[in-house]
Amino acid sequence: MNNALKIIDFMKIVEQLCLVERDNLMSSGRQETDADHILKLSFLVLMVHPYLNKPADCAKMLELALVHDLVEARTGDYSLSAQAECPELKARKKTAEKEAILYYRSVLPPPLNERVYGLFMEYEARETREAKLVWILDKLEANLQANRYHDGDIRYWADCENGDWYYQSAVTQKPQIAEQDEEILTELEKIIINISKENMERCGIRNCGQTS
């Protein structure tokens, strides 16, 4: 199979990202997909990059954003809340994702296969500045989207698997953001946490996820 045919064939896998559903709801009420999340994360990378005080490769960050959830086209989504409550599930996720990225490595033509594999492994290791930044923005985007349903009706979080985790996580500062010492990231986190707190108050929800 020539390179063009292999790329066309791989696009079937990329299409699956448009079908993989996440816990978050869109403002319209429909379920968010991996493709929705990846698009929004990519734009967040593009918008945040100019305001970083320390150097970071924007092109690399965009590549990492595009690839970071690619394995879920084969594995499906594993919600963070479910992983937090079940270490065994987290271990199974790691195994399934490693198998998926190795499969992609085997079906993509070189040098694309090594590029995609390397980007995914870089994101997972979170040792480079770019990978750390994209990981942070991934979490900020997810928290922001979680607050978008029907102008902030976050009561649906309780219906998600281990739903209480969402209420606790939404108002908790992440040490990884403080470690980067970037004003734009600190301000984004502060604003999104405040949005979460305001929505919880309007919905009569305490931090533990219980209604008052």
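Keep in mind as you explore that the model is predicted.

Let's stay with this pair for a moment. H2 and H3 pack at an angle of about 165°, and their axes lie 9 Å apart. Angles over 145 degrees count as roughly antiparallel, so H2 is roughly antiparallel to H3. Which residues meet here? From H2 come Ile38, Leu41, Ser42, Val45 and Leu46, and from H3 come Cys58, Met61, Leu62, Ala65 and Leu66. Sorted by class, the residues of this contact are nine nonpolar, one polar and no charged.

A second pair to look at is H1 with H6, a helix that covers residues 87-107. H1 and H6 pack at an angle of about 160°, with 10 Å between their axes. That makes H1 roughly antiparallel to H6. In this contact, Lys6, Phe10 and Ile13 of H1 meet Tyr103, Tyr104 and Val107 of H6. The contact of H1 with H6 has five nonpolar, no polar and one charged residues.

Here are the two pairs side by side:

| Helix pair | Angle | Axes apart |
|---|---|---|
| H2 and H3 | about 165° | 9 Å |
| H1 and H6 | about 160° | 10 Å |

Now for the spaces in the model. The second largest pocket holds about 290 Å³ of space. Its lining has 16 residues, and the closest to its centre are Phe10, Val14, Leu66, Val67 and Leu70. You have already met two of these names: Phe10 takes part in the contact of H1 with H6, and Leu66 in the contact of H2 with H3. Which helices supply at least two residues each to this lining? They are H1 (3-16), H2 (34-48), H3 (58-67) and H7 (112-125). By class, the lining of the second largest pocket has 15 nonpolar, no polar and one charged residues.

How many cavities of 30 Å³ or more are there? The count comes to one. About 50 Å³ of space lies in the largest cavity. Its lining is made up of Lys139, Leu140, Asn143, Ser169, Ala170, Thr172, Lys174, Ile177, Glu189 and Ile193. Helices H8 (129-146), H9 (164-170) and H11 (183-202) are the elements that give two or more residues to this lining, and H8 has the largest share, with three residues. The lining of the largest cavity divides into four nonpolar, three polar and three charged residues.

Note on methods. Residues are numbered from 1 along each chain as its sequence is written. This is a predicted model: local features need pLDDT of at least 70, side-chain atom pairs count only at pLDDT 80 or more; totals for chains, interfaces and linings use all residues. Side-chain values use heavy atoms; hydrogens and water are left out. On a 1 Å grid over the protein atoms alone, a cavity is a set of points where a 1.4 Å probe fits but cannot get out, and a pocket is an open set with protein on both sides within 12 Å along at least five of seven lines; lining residues have an atom within 4 Å of a point. Grid points are joined across faces, edges and corners, and a volume is the space filled by probe spheres set on the points. Helices (H or I, at least four residues) and strands (E, at least two) are DSSP runs, numbered from the N terminus. Ala, Val, Leu, Ile, Met, Phe, Trp, Tyr, Cys and Pro count as nonpolar, Asp, Glu, Lys and Arg as charged, and the others, Gly among them, as polar. Axes are lines fitted to C-alpha atoms, for helices over the stretch in contact, and angles run from 0 to 180 degrees between N-to-C directions. Angles under 35 degrees count as roughly parallel, over 145 as roughly antiparallel, 65 to 115 as roughly perpendicular and the rest as oblique. Contact means heavy atoms within 4.5 Å.
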